[in-house]
Amino acid sequence: MEQEDREILSHVEDFLKNGGMIFFAIEDEKVLATCMVYPSGHNVWEICKLAATGQHTGKGAGSAVFKACMDYAISHGAEKITLISNHILTPALHIYEKFGFKRIALDRGDEYERADVQCEYIVPRPLPSN
């Protein structure tokens, strides 16, 4: 964990008060996966803290909480959803790509020392009706 991780996790309530949401996948009273999404401004939302317990990976729990975050952001006006990650997190990168996220140039500051991947999802606009 990096300092930025500690900062976010110690202020989760602030993210929730500002419209963010955390989703959990639970089975038999055990958390299998979790993910958080929050508005970062101008109809842009950020997904962060996707995590799944090792013994439960491959069950779809990570995908489920990630999709719940996407759906939540879109239902609250997101036009774009972003995330930052690291190239070694291949299971997470697979989830991002599965849901239509595209890698873009990393434009973040040095908030995370290990961040070397940035992705975004542009929410499709509905076709104009005639």
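Modeller: In this predicted model, a residue is called buried when its relative accessible area is under 20%, exposed when over 50%, and partly exposed in between.

Colleague: With which residue does R103 meet in a salt bridge, N to O at 3.5 Å?

Modeller: R103 is partly exposed, since its relative accessible area is 49%. The residue paired with R103 in the salt bridge also counts as partly exposed, at 44% relative accessibility. Side chains of opposite charge can pair when their charged atoms come close. Here the N to O distance is 3.5 Å, and the partner of R103 is E97.

Colleague: How many salt bridges does the count come to?

Modeller: The rule asks for a side-chain nitrogen of Lys or Arg within 4 Å of a carboxyl oxygen of Asp or Glu. The pair of R103 and E97, at 3.5 Å, meets in such a bridge, and so do K80 with E120 and D71 with K67. The count of salt bridges comes to three.

Colleague: How far apart are the closest N and O atoms of D71 and K67?

Modeller: Both D71 and K67 lie in helix α3, four residues apart, which is about one turn of the helix. D71 is partly exposed at 37% relative accessibility, and K67 is partly exposed at 34%. In the salt bridge between D71 and K67, the closest N and O atoms are apart by 2.6 Å.

Colleague: Which residue forms a salt bridge with K80?

Modeller: K80 counts as partly exposed because its relative accessibility is 28%. The salt bridge of K80 has its closest N and O atoms 3.6 Å apart, and the partner is E120. This pair links distant parts of the chain, 40 residues apart: K80 is in strand β4, and strand β6 (residues 117-122) holds E120.

Colleague: What is the angle between the planes of F23 and Y72?

Modeller: The structure holds eight aromatic pairs. In one of them, F23 and Y72 are 6.0 Å apart, centre to centre. F23 lies in strand β1 (residues 21-27) and Y72 in helix α3 (residues 61-75), so this pair ties together parts 49 residues apart in sequence. The pair is edge-to-face, and the angle between its planes is 65°.

Colleague: Is Y72 buried or exposed?

Modeller: F23 has a relative accessible area of 21% and is therefore partly exposed. Y72 has a relative accessibility of 17%, so Y72 counts as buried.

Colleague: Which residues make the nonpolar surface patch of about 300 Å²?

Modeller: One of the residues in the patch is V31, which is found in strand β2 (residues 30-41). V31 is partly exposed because its relative accessible area is 40%. The residues that make the nonpolar patch of about 300 Å² are F24, I26 and V31.

Colleague: Which residues does N86 touch, not counting those up to four places away in sequence?

Modeller: N86 lies in the loop between β4 (80-85) and α4 (90-98). N86 is buried, because its relative accessible area is 13%. The side chain of N86 is joined to that of H87 by a polar contact of 3.5 Å. Not counting residues up to four places away in sequence, N86 touches L93, R114, D116 and V117.

Technical notes. Residues numbered from 1 in each chain as written. Predicted model: local features only at pLDDT ≥ 70, side-chain atom pairs only at ≥ 80, totals over all residues. Heavy atoms only, no water. Helix = DSSP H or I, 4+ residues; strand = E, 2+ residues; numbered from the N terminus. Buried < 20%, exposed > 50% of the residue type's maximum accessible area, 1.4 Å probe, protein only. Polar contact = N/O pair within 3.5 Å; in protein donor to acceptor, adjacent residues only side chain to side chain. Contact = heavy atoms within 4.5 Å. Phe/Tyr/Trp six-rings, centres within 6.5 Å; stacked < 30°, edge-to-face > 60°. Patch = residues over 30% accessible without salt bridge, like charges linked within 9 Å, V, L, I, M, F, W, Y side chains within 5 Å. Areas by Shrake-Rupley, 256 points an atom, 1.4 Å probe, with all protein chains shown as cover.
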